[in-house]
Number of protein chains: 2
Amino acid sequence: MEQSAGTGGQGVVESYFSCDFNMMTAWTKLGELARAPYDLTAPGALSPARIRSYRAQAAGIDLLYATQRVDEPVLAALQRLAEQSGAVAQFLLMKRGEVLNRIEGYASEERPVLHTACRDIFAPVSLAPEVSAQAKAELEKLADFLAALEAGAIVNVAGEPFTDLVQVGIGGSDLGPRALYLALAAYKIPGRRVHFISNVDPDDAAAILNGLDLARTLVNVVSKSGSTLETLTNEELVRQAYAEAGLEPSRHFLAVTGKGSPMDNPARYLRSFYMFDSIGGRYSVTSMVGAVLLGFGLGYPQLLEILRGANAMDLAAEEPDIRRNPALLLALLGIWNHNFLGCETLAILPYSQALVRFTAHLQQCDMESSGKSVTRQGKPLAWKSGPIIWGEPGTNGQHAFYQLIHQGTIIVPVEFIGFRASQYGRDLLIEQTTSQEKLVANLLAQALALATGQANENPNRSFAGNRPSAVLMADRLTPYTMGALLALYEAKVVFQGFIWNINSFDQEGVQLGKKLAGRLLDHLAARREGQDGAAEAEDDPGLALLAEVSKKV
Amino acid sequence: MEQSAGTGGQGVVESYFSCDFNMMTAWTKLGELARAPYDLTAPGALSPARIRSYRAQAAGIDLLYATQRVDEPVLAALQRLAEQSGAVAQFLLMKRGEVLNRIEGYASEERPVLHTACRDIFAPVSLAPEVSAQAKAELEKLADFLAALEAGAIVNVAGEPFTDLVQVGIGGSDLGPRALYLALAAYKIPGRRVHFISNVDPDDAAAILNGLDLARTLVNVVSKSGSTLETLTNEELVRQAYAEAGLEPSRHFLAVTGKGSPMDNPARYLRSFYMFDSIGGRYSVTSMVGAVLLGFGLGYPQLLEILRGANAMDLAAEEPDIRRNPALLLALLGIWNHNFLGCETLAILPYSQALVRFTAHLQQCDMESSGKSVTRQGKPLAWKSGPIIWGEPGTNGQHAFYQLIHQGTIIVPVEFIGFRASQYGRDLLIEQTTSQEKLVANLLAQALALATGQANENPNRSFAGNRPSAVLMADRLTPYTMGALLALYEAKVVFQGFIWNINSFDQEGVQLGKKLAGRLLDHLAARREGQDGAAEAEDDPGLALLAEVSKKV
């Protein structure tokens with residue numbers, strides 16, 4: 001395990017896949033260093049020189065990490081950890097189409113992991129040319145469709161243009177696309193709006209449909225398998241609303257699905273776009289899952305800017321020096337805080353209202369990827385896998401949960417995200433500073449206060465400090481920057497999975513709940529059809545629970 | 001500390017205020033019991049009898065807790081803990097106006113805590129008649145104002161009625177009111193809409209203002225001190241937009257503020273409503289902070305229903321038997337999971353899209369109250385105070401972070417919230433079940449799967465189980481139920497603080513960040529005015545950080 005990253009041939013590199021986290025010498029070294037981590041509260045600990053040198057940059061995004069509890073020995077050990085685990089070598093194998101979504105010796109998905117191929121179309125040479133060509137073909141279909149909308153070649157039955165699009169999808173087909181659309185609303189095509197129906201809660205769909213002119217609305221139904229319960233249910237609800245309005249759904253409905261899925265049916269959809277097995281839901285924002293609505297809402301050129309930014313970060317993630325690779329460094333700092341300093345959660349706090357749903361997307365991307373208990377060889381983990389990801393935009397959060405981050409009994413590492421300029425540029429000098437300056441000043445003040453703390457003779461006004469944070473900073477939240485930020489976090493999650501030796505690409509943990517829900521629904525359906533299944537309730541805890549909640553006291 | 005709750009005179013009860021958590025015999029007992037907590041995965045562990053009997057009810061809300069890792073000895077010890085800490089006795093003192101917001105022997109806010117008085121107006125006898133009378137007077141002012149809007153006695157300069165209201169506030173003046181408004185959107189007055197500007201991010205205000213007809217919009221500015229930076233900044237931004245539109249702000253702006261605050265100025269506001277020192281921001285939803293917008297958006301009768309529901313739960317929280325007091329029981333189960341079973345977070349997962357922001361409100365209410373490090377006597381805590389609260393609505397979350405909850409290396413206790421019927425009643429039978437049935441079946445299936453787990457010969461498909469959850473279930477999300485649910489969680493947080501012996505009502509932890517931000521802003525303002533402060537940057541980490549992030553690479 002001592003070879004340096006990216007040098008070995010295929011055989012050498014494959015040995016990384018079974019390299020256990022706690023068997024690396026870097027693991028031992030980090031454990032030793034964690035006994036006395038860097039003290040940010042010591043006088044001069046946060047020197048201007050440290051602030052200047054603890055900074056990594058790529059694709060327009062700066063990572064400032066002087067307020068982490070790291071010093072040169074820790075950074076050297078983290079660099080070593082990256083090399084011993086072959087993090088970058090595995091990343092390159094991923095980009096080349098290696099079958100990384102698998103558990104050795106057990107039934108598993110057995111798929112390559114190629115979300116990067118969606119944006120490799122901008123790379124001088126794609127590492128996965130076949131999948132990049134597929135992605136490019138779908139993008140061109142989309143470009144044609146958007147141009148036809150623009151030109152008035154595709155209109156509704158009354159000859160009017162479409163103004164609205166409803167995305168019907170859940171999980172990866174909802175969170176990431178929604179986060180990016182909200183983030184970039186400042187770049188919208190005037191008069192166009194995008195809406196989202198995700199929850200099986202009928203009130204969710206009803207609330208959206210109540211506000212729409214269906215005649216001028218497209219409906220984009222997204223499900224790779226074509227069999228997602230919530231999405232099919234909501235599609236039916238929306239189709240029924242179209243029928244009630246006397247409108248023909250096949251003139252309004254689009255499908256994003258796998259080739260050959262039950263939804264791959266031209267008779268029912270105006271257009272179909274394909275998603276491929278090598279892209280998991282939570283990594284699918286830059287595939288057709290996000291592209292259709294982002295192209296409709298923001299226009300095709302802005303969509304390409306998002307992909308371009310993501311590609312730039314994907315390329316930067318190939319850099320073996322951790323101080324020049326923000327995604328890898330963020331992954332390693334996360335592991336330092338989680339596995340060595342014992343912090344179970346990570347707060348991601350964007351100082352940008354536009355990023356209001358970005359943390360929710362990352363919560364999915366990270367926790368569904370890293371919430372695992374076995375290695376890629378099916379052995380129980382002897383170390384912690386992923387932390388809990390949570391957060392809300394600042395400065396709002398400052399008036400909510402920051403009290404606990406500053407003075408609670410749990411240490412919460414923080415990743416702040418900020419921008420030097422606002423999106424709209426509509427700002428106002430109050431007391432000689434702009435709102436954007438207030439936003440950035442608050443972000444930095446929080447990082448500082450968490451790190452250094454402050455003693456006070458009133459114990460209730462004392463701050464212990466040594467609460468680690470990192471600052472991600474970019475010029476402005478543009479489509480390019482958004483793409484880069486998305487890819488940075490995708491790469492971070494993937495790197496951590498490589499180091500923990502887990503499969504970051506499956507989600508077997510969602511199956512049991514699905515199965516049990518199915519059984520309860522079969523029971524309800526049977527009851528509706530007049531079959532009496534009540535007797536079963538005596539033994540079955542699920543049915544007993546169902547009987548109990550149905551009873552009012 | 002062995003007296004039973006609520007019996008002692010004032011002197012006896014006051015001793016509870018200095019009763020340390022780890023000095024109670026119940027603490028010792030629970031520590032012993034935690035070595036072998038109830039095994040939910042054992043055959044028959046989740047029996048129908050257990051499911052039936054582990055259920056507490058009040059104000060239309062059922063708490064089902066069979067899927068917690070508790071049994072009769074644990075429940076008995078939790079009952080004992082409630083009694084030894086005088087949880088209910090302290091709750092009654094709070095309702096009577098005792099000065100509970102204080103730290104003995106140190107400078108502190110020294111205030112009573114009387115959010116319950118806002119709804120005690122429905123109680124046969126208010127325990128704090130003076131504050132209840134104040135609350136009632138404000139409610140009557142609001143009723144008059146709403147009636148005048150309704151009758152067309154208050155209109156805009158063109159004689160048109162007001163259709164929209166923008167709430168300008170942050171933290172407690174934003175999260176709770178917003179959560180309740182979104183929760184009850186199904187009950188809105190047709191044609192009325194409420195909007196929120198909270199973040200100092202200028203894009204937030206710009207995005208809202210872009211979509212509004214200012215001439216028909218009221219602006220409700222909420223700040224107790226009248227000096228909240230974000231709120232004043234946003235008020236100025238909005239006033240400027242009115243000026244640009246040629247509209248006179250004093251015909252549109254309302255104020256909710258403390259008597260005598262800088263905002264208490266009739267020349268600048270159409271109406272002013274008062275909030276009082278005894279109600280903290282995070283407990284202020286049922287004061288004028290929430291009442292003005294809820295009354296405007298939903299109508300005065302629905303507002304009263306919210307208060308009525310909250311009052312019913314406040315009364316139920318006086319019950320000393322924990323099995324008949326859902327708020328107290330939920331508080332104790334939380335302490336069992338957090339302090340004795342070692343779980344650092346709590347996920348609150350409503351199976352209702354309408355509750356999309358309720359968890360964010362609870363995150364504030366709980367974490368700002370319980371994120372403390374010293375006792376009410378100013379001693380460092382020798383036990384953990386509040387957990388991290390997070391979550392998103394189901395079933396969405398099932399497709400996001402549930403993977404980690406089921407199969408991750410961290411145990412996450414869950415509180416599910418569900419309803420037997422939907423709000424809109426717009427539903428559809430698909431495969432013989434309604435969407436609402438699918439929602440409830442999924443909720444129960446998750447609770448079940450987390451509790452019982454399931455072995456599998458494929459280790460990647462195994463579920464360890466023994467992951468605790470509780471289910472809160474009500475008939476339908478009405479204004480009354482929403483009020484009861486809000487009060488349930490407020491009381492839960494307060495009970496936990498009483499037991500941990502912390503001051504749940506201050507927030508000194510937000511001060512340092514504010515102070516440091518102020519310094520950075522002073523520096524920026526001085527620079528804009530041409531004073532050169534750059535030399536300081538050499539020593540000051542804050543200014544060094546500011547200089548560094550301003551620099552592009």
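# Close-up views of a predicted two-chain model

**View 1. The six-stranded sheet of chain A.** In this predicted model, six strands of chain A form an open sheet with mixed pairing, in the order S1-S2-S11-S10-S8-S9; strands (E, at least two residues) and helices (H or I, at least four residues) are DSSP runs, numbered from the N terminus, and two strands pair if DSSP finds at least two bridges between them. Strand S1 (55-58) and strand S9 (388-390) of chain A stand at the edges with a single partner strand each, so one side of each has no neighbour in the sheet. Direction ignored, neighbouring strands of this sheet are turned by 20° against each other on average. Residues are numbered from 1 along each chain as its sequence is written, while chains are lettered from A and ligands numbered from 1 in the order in which they are written. Because the model is predicted, local features need pLDDT of at least 70 and side-chain atom pairs count only at pLDDT 80 or more, whereas totals for chains, interfaces and linings use all residues.

View 2. S1(A) pairs with strand S2 (residues 61-64) of chain A in the antiparallel sense over four bridges, and A:Arg55 stands opposite A:Leu64 in S2(A). Helix H13 (residues 358-370) of chain A packs on this sheet, where it touches strand S8 (345-350) and S9 of chain A, and its direction makes about 170° with that of S9(A). H15(A) also packs on the sheet, touching strand S10 (414-419) and strand S11 (469-474) of chain A, with a direction at about 155° to that of S10(A). Contact here requires C-beta atoms, placed from the backbone, within 7 Å, and angles run from 0 to 180 degrees between N-to-C directions of lines fitted to C-alpha atoms, for helices over the stretch in contact.

View 3. Strand S3 (residues 164-168) of chain A pairs with S5(A) in the parallel sense over five bridges, and A:Leu165 stands opposite A:Leu218 in S5(A).

**View 4. The enclosed strand S6(A).** Strand S5 (residues 217-223) of chain A is joined to S6(A) by five bridges, and the two run parallel; the bridge partner of A:Ser223 in S6(A) is A:Thr257. Five of the six residues of strand S6 (residues 253-258) of chain A are buried, so this strand is largely enclosed by the rest of the structure; a residue is buried if 20 or more other C-beta atoms, placed from the backbone, lie within 10 Å of its own.

**View 5. The contact between chains A and B.** The contact takes 130 residues from chain A and 130 residues from chain B. Helix H15 (residues 435-452) of chain A gives the most to the side of chain A that touches chain B, with 14 residues.

Methods
Two residues are in contact if their C-beta atoms, placed from the backbone, lie within 7 Å. A residue is buried if 20 or more other C-beta atoms lie within 10 Å of its own, exposed if 12 or fewer, and partly exposed in between; C-beta atoms are placed from the backbone.
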